[in-house]
Amino acid sequence: MDEAYSEVIDAGTGMSNLMCKCGKRACILTAFTLRNFGKRFYTCGNYVNQDNRGCDYFKWIDMDICQHGKRVVSKLFDMHENLKNERAQIGTTISNEILKCKLEVVEYKAKMEVASLNFEMQLQMQKNKFNSKETKYWFALACLLILLVVMMFYPVSNANSSRLRLH
């Protein structure tokens, strides 16, 4: 058999009534090599892969295909390989685009966080400025009241002064 891979046919159990050299029921596999593409064969019931074939029991089920069929299979095989490569490239492109989008989202979140912190800082500065003005206003009002009380209760040294007097 060529140096490619085979897989178990998923028709029924993939087993036959034939017995391999181990005394187990032979498995039915399908060849996917360029030379024997799609041909079914019997193999050892202990078959795992090309490197571990059990007792090496082997018998073709299907006959060889004609030359035209082999050319068609070859062309289909090439098309399949091209599609696999194209799919891999598309997958890589999509993965790269997803990574770019994720990076843009992270950058946008960081910018929004900075903008939020800047806004909070400016808001706090405005609150501090307002509190400072409010404190100055209350201080000025308190000074004015004290001045008014002082002026009302202390006599004026000048008799001609036009200050209000409480008598």
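Predicted model: local features only at pLDDT ≥ 70, side-chain atom pairs only at ≥ 80, totals over all residues.
Residues are numbered from 1 along each chain as its sequence is written, and side-chain values use heavy atoms, with hydrogens and water left out.

The chain holds one helix and five strands, where helices (H or I, at least four residues) and strands (E, at least two) are DSSP runs numbered from the N terminus. Read from the N terminus on, these elements follow the order β-β-β-β-β-α. Of the 167 residues in the chain, 16% are buried; here buried means under 20% relative accessible area, exposed means over 50%, and partly exposed lies in between, with a 1.4 Å probe and protein chains only. Among contacts (heavy atoms within 4.5 Å) between residues at least 6 apart in sequence, 37% join residues at least 24 apart.

Strands E3 and E4 run antiparallel and are joined by four bridges, and two strands count as paired if DSSP finds at least two bridges between them. Within this pairing, leucine 29 has phenylalanine 41 of E4 as its bridge partner.

Cysteine 44, when residues up to four places away in sequence are not counted, touches Cys20, Cys22, Cys27, Arg53, Gly54, Cys55, Asp56 and Tyr57.

Side chains of opposite charge can pair when their charged atoms come close. With a salt bridge taken as a side-chain nitrogen of Lys or Arg within 4 Å of a carboxyl oxygen of Asp or Glu, the count comes to four. One of them joins aspartate 64 to lysine 39, with the closest N and O atoms 2.4 Å apart. Because aspartate 64 lies in the loop between strand E5 (58-60) and H1, and lysine 39 in the loop between strand E3 (25-31) and strand E4 (40-43), this pair ties together parts that are 25 residues apart in sequence. Aspartate 64 is exposed at 54% relative accessibility, whereas lysine 39 is buried at 4%.

Another salt bridge links aspartate 62 and arginine 40, at 2.9 Å from N to O. Aspartate 62 lies in the loop between E5 and H1 and arginine 40 in strand E4, so this pair connects parts that are 22 residues apart in sequence. Aspartate 62 is partly exposed at 21%, and arginine 40 is partly exposed at 33%.

In helix H1, glutamate 81 and lysine 84 are three residues apart, which means that about one helical turn separates them; their side chains meet in a salt bridge of 3.3 Å, N to O.

Helix H1 spans residues 67-153 and includes methionine 152, which is partly exposed at 39% relative accessibility. Methionine 152 belongs to a nonpolar surface patch of about 810 Å², whose other members include Leu145, Ile146, Phe153 and Tyr154. Patches are made of residues with over 30% relative accessible area and no salt bridge, like charges being joined within 9 Å and nonpolar side chains (Val, Leu, Ile, Met, Phe, Trp, Tyr) within 5 Å.

Terms used:
Areas by Shrake-Rupley, 256 points an atom, 1.4 Å probe, with all protein chains shown as cover.
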